[in-house]
Amino acid sequence: MKMLTCSKLSSYFINSVWWLTKGIAMLWVAGDISVQAQQLDQTQSQSESAKAPVKWVQAKDLPLKATETGNTKEKPSVVSTALKWWRSTDRPGDLQIHGFVTQAYTLTSDNDVFGNSDKRGSFGLTEAGLNASVRPLPKLQLSAQVLSRRAGEGNTGMPRLDFAFLDYRLYSHETNQFGVRVGRLKNPFGFYNDTRDVAFTRPGILLPQSIYFDRTRNLGLSGDSVQLYGETAVARLGTISTQFGVWLPIVTDKDTQLSILGAIPIGQLNREVSYIGRGIFETNDKSLRLGISGIWLNTSYDPSSKSHDPVGPGTFQFTPIYFSAQYNTERWTLTSEYAIRHLKYDDNFNSKALNGLNLYGESYYFQGEYRFTPRLEGIVRYDVLYTDRSDRDGSHWAAQSSARQGLEHTRFAKDITVGLRWNVTPEFMLRAEYHHVNGTGWLSRLDNPTPTDTVQHWDLYSILASYRF
């Protein structure tokens, strides 16, 4: 097993700031080239607008379309002409069509993330999506998105239906509304799960992995569901929004099966009726947001009848509860989320590792975002995951078997993250990010099939470019 020496670890810490500086310099050059032509024609208008006060906005509030200056003259090109035609063309029924393309480069000191990243780095994270919504009736809206996501061994880039649903508003008033959604819906938990597929809405290249696992992203992102939702004003304090759904989870991908069963199954992991809900309170000035979310996820396993299957017909329950809080100022956004995750297996799996397993995991993170300018912001995060809150260092788990000796670090992960985001234009974003991680608790088993080859202390560097229209 590879070991990270103290001198090597110190070297990574010392060089991390230098690496980020070089990364941002590269991003700056790339972005400068992309906007240089516009800047030549906009010099006069920018000098006049400089006298106006700067308007600070959060990155998530940037408009989807760029604001055009009336006197700006752009050289025509195939891409710009196509985009202008697309935006100006009238479409029936309030039809809106948008999309995004994201590409990241990831380099790790050890272990693999989104491909073979610990050698010469990996371009293994690619996301491209196309979504549409239409409102044929005042109270009825139809929405759908197709996504191609390449992210290591778990996601090959094959297009899949991310979501597709019907939204009917049963009641609507100035201060209250109530409706129902049916179809493949985003799972409402935490602050970021609803929009995690779009890089512009994520607080970092990687979401806090203690709460939003990328290795089980397909399971966590969406499911076939019926959801009731509502929103009501609370005096002059703010608004309360709620969602509750009956849900059939998506459990067909290998990463999810491996996470639940510990191995790729011969038989079939079944979708069982599950439940999900969330409530969020938000003040009128949006400075404070408080949320609570809960999931009751049920699955069952049918052994293969065609060959010998070592796994029996067991059932599995996953019932996490999430507590979320966020405070916003003109330049700062402070966010924290905490989760208690209950995992329970029955006694029918015919496996010593799974039979009767009943434990509580624990997760939390603290995150700060600071907007240096309307286009440039930084992020700092401390993210912690414990597979078993009663055995946080994994020592008790490792003592149960000699084969587990030295693998204690697979039961936890502590991640320190720093990063920068540059909104070159409202449509084009660049990011650079550094992670120092103690533990391997959230690594994908598909990308790291041999646990004894993983290293406890490791570093991750990543840059990302994303475009949306």
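This is a predicted model: local features need pLDDT of at least 70, side-chain atom pairs count only at pLDDT 80 or more; totals for chains, interfaces and linings use all residues.
**Entry 1. A loop residue**

I began with Ser287, which lies in the loop between strand 9 (274–283) and strand 10. Residues are numbered from 1 along each chain as its sequence is written, and side-chain values use heavy atoms, with hydrogens and water left out.

Is Ser287 buried or exposed? Ser287 counts as buried because its relative accessible area is 17%; buried means under 20%, exposed over 50%, and partly exposed in between, with a 1.4 Å probe and protein chains only. I then listed its contacts (heavy atoms within 4.5 Å). Setting aside neighbours within four places in sequence, Ser287 touches Gln326, Tyr327 and Asn328.

**Entry 2. The chain as a whole**

I counted 5 helices and 17 strands in the protein chain. The chain has 469 residues, and 48% of them are buried. I also looked at contacts between residues at least 6 apart in sequence: 64% of these join residues at least 24 apart. The chain exposes about 23500 Å², of which carbon and sulfur atoms supply 60%. Accessible areas come from the Shrake-Rupley method with a 1.4 Å probe, and for residues only the protein chains shown count as cover.

**Entry 3. Helix 4**

I turned to helix 4 (residues 254–261), where 6 of the 8 residues are buried. These are Asp255, Thr256, Gln257, Leu258, Ile260 and Leu261. Against which elements do the buried residues of helix 4 pack? I found helix 3 (217–221), strand 8 (268–271), strand 10 (288–302), strand 11 (315–328) and strand 12 (332–345). Gly262 follows helix 4 and has a positive phi, near 80 degrees.

**Entry 4. Tyr105**

I located Tyr105 in strand 1 (residues 96–108). Beyond residues up to four places away in sequence, Tyr105 touches Arg120, Gly121, Ser122, Phe123, Tyr461, Ser462 and Ile463.

**Entry 5. Salt bridges**

Side chains of opposite charge can pair when their charged atoms come close. I applied the rule for a salt bridge: a side-chain nitrogen of Lys or Arg within 4 Å of a carboxyl oxygen of Asp or Glu. The count by this rule is 15.

I examined Arg149 and Glu127, whose closest N and O atoms are 3.1 Å apart in a salt bridge. Arg149 belongs to strand 3 (residues 140–151) and Glu127 to strand 2 (residues 122–137), so this pair, 22 residues apart, links distant parts of the chain. Both Arg149 and Glu127 are buried.

Next I took Asp194 and Arg278, joined by a salt bridge of 2.7 Å, N to O. Asp194 sits in the loop between strand 5 and helix 3, and Arg278 in strand 9, 84 residues apart in a pair that links distant parts of the chain. Arg278 counts as buried because its relative accessibility is 11%.

The side chains of Glu282 and Arg289 also form a salt bridge, at 3.3 Å, N to O. Glu282 and Arg289 are both buried.

**Entry 6. A nonpolar surface patch**

I noted a nonpolar patch on the surface made of Leu142, Leu166, Tyr168, Leu170, Tyr171, Phe178, Val182, Val226 and Leu228, with about 730 Å² of accessible area together. Patch residues have over 30% relative accessible area and no salt bridge; nonpolar side chains (Val, Leu, Ile, Met, Phe, Trp, Tyr) are joined within 5 Å, like charges within 9 Å. Strand 4 (160–172), strand 5 (176–186) and strand 6 (222–234) each supply at least two of its residues. Strand 4 gives the largest share, 4 residues. Leu170 is found in strand 4, and Leu170 counts as partly exposed because its relative accessibility is 41%.
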